[in-house]
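Please have the sequence and the structure at hand while reading.

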Amino acid sequence: MNRKSLSFGLGALLISLALPACTPDAEQTDKPKPRASVRALQAIMPHFDEQWAMNKLWEDGLAEVATYDAERMVYKKKRQFEYTLITVKEEFNQQFNVKTDDYKRDDLFPVMKVNAFCQIPADNYPYHYLTSLFFRRDQPVALYKMTSSSQEWCGNTFKAIVDDGVSFKENYNSYWDQQGVGSRDLRRDVLLEDALPYTLRTLRFAQQPAFDLVVMDLQQTSKAALPVYYKSHLTTTEASAAEASEPAWRVTVQLAPDKQNVYWFAKAYPNILLRQTTWDGRSLRLKGQRRYAYWPK
């Protein structure tokens, strides 16, 4: 082999070694990886429809406002009140991680917001709760952000959970001794009990899924105690005609042997929550729903 042929051969070899970097497989490795919280929930993701919130229903600029007749134990008494769940699509900006006022920004991304509000009358003074849950629109299972506050005559409590892609952290400020001000890292492989009225709407109901999952206990409280993680089991069945006001799915979440939550969702999209009962005496029963712009112009 002469020197010219040898040089050509070495050049061809070098080119061939460089080519794999341009192959589809190599390009695929450059794609952004799912958020850490999404990866942590991979085991249960096949049971949910990740495209559930992409339906054009949520493009009408209106909010779904559902009101419920509710009950909850306060000071060892069952209290009756009205509970409101608001579900709406919003555009967040990355800079401030809240709903944007400027829709010409280049850092926008869509989220689904769920606001849960109630005022509970008690013997001496009322309790007020507002919890805001946010999910990336194409990720209805992994919580993206949550804020929850309570107000009553003893004081205020505020909790915020944020997934920043690196950590999943809760910051809190309460009026309770040993729970005053602080922060802590949370497990990523969890569904929040507060989020189940939304997240469970996205189940692949027709497959009647049954699976194990981890549930973090209710955060819509006045306390800022360490979270409790339940090794839970979920089952799905068709609801009987006597259980719901319309054809429905019955979803049971067994948090512990003596702690069971049950949720009834309409079969028709958007699978609104019709009823809920929980192990600690909370209950919801849908009494009305509408779509409208509740914000002032």
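A salt bridge, as the term is used here, is a side-chain nitrogen of Lys or Arg within 4 Å of a carboxyl oxygen of Asp or Glu. The model discussed is a predicted one, and the structure holds 19 such salt bridges.

## Salt bridges

| Pair | N to O distance |
|---|---|
| Arg 188 and Asp 163 | 3.1 Å |
| Lys 169 and Asp 185 | 3.9 Å |
| Glu 238 and Lys 267 | 2.5 Å |

The side chains of Arg 188 and Asp 163 meet in a salt bridge. Because Arg 188 lies in the loop between β9 (181-185) and β10 (191-192) while Asp 163 belongs to strand β7 (residues 155-163), this pair ties together parts that are 25 residues apart in sequence. Arg 188 is buried, with a relative accessible area of 15%, and Asp 163 is buried as well, at 1%.

A salt bridge also joins the side chains of Lys 169 and Asp 185. Lys 169 sits in strand β8 (residues 168-173) and Asp 185 in strand β9, so the pair ties together parts that are 16 residues apart in sequence. Lys 169 counts as partly exposed at 31% relative accessibility, whereas Asp 185 is exposed, with a relative accessible area of 58%.

In the salt bridge between Glu 238 and Lys 267, the closest N and O atoms are 2.5 Å apart. Distant parts of the chain are linked by this pair, for Glu 238 is in strand β12 (residues 229-238) and Lys 267 in the loop between β14 and β15 (273-277), 29 residues apart. Both count as partly exposed, Glu 238 with a relative accessible area of 46% and Lys 267 at 32% relative accessibility. Elsewhere, salt bridges that share partners join Asp 69, Glu 82 and Lys 287 into one network.

Which charged residue is buried yet has no salt bridge? Lys 259 is such a residue, and the nearest side chain of opposite charge, that of Asp 258, is 5.5 Å away. Lys 259 is placed in strand β14 (residues 259-266), and a polar contact of 3.2 Å joins its side chain to that of Tyr 230.

## Pockets

The largest pocket has a volume of about 630 Å³. Of the 27 residues that line the largest pocket, Arg 72, Tyr 129, Thr 221, Ser 222 and Lys 223 lie nearest its centre. Strand β1 supplies the largest share of this lining, 3 residues, and the lining has 16 nonpolar, 3 polar and 8 charged residues.

The second largest pocket has a volume of about 210 Å³, and β2 gives the most to its lining, with 4 residues. The lining of this second pocket divides into 6 nonpolar, 1 polar and 6 charged residues.

Technical notes
Residues numbered from 1 in each chain as written. Predicted model: local features only at pLDDT ≥ 70, side-chain atom pairs only at ≥ 80, totals over all residues. Heavy atoms only, no water. Helix = DSSP H or I, 4+ residues; strand = E, 2+ residues; numbered from the N terminus. Buried < 20%, exposed > 50% of the residue type's maximum accessible area, 1.4 Å probe, protein only. Lys, Arg positive; Asp, Glu negative; His and termini not counted. Polar contact = N/O pair within 3.5 Å; in protein donor to acceptor, adjacent residues only side chain to side chain. 1 Å grid on protein atoms, 1.4 Å probe; cavity = no way out; pocket = protein on both sides within 12 Å on 5 of 7 lines; lining within 4 Å. Points joined across faces, edges and corners; volume = space filled by probe spheres on them. Nonpolar A, V, L, I, M, F, W, Y, C, P; charged D, E, K, R; others polar.
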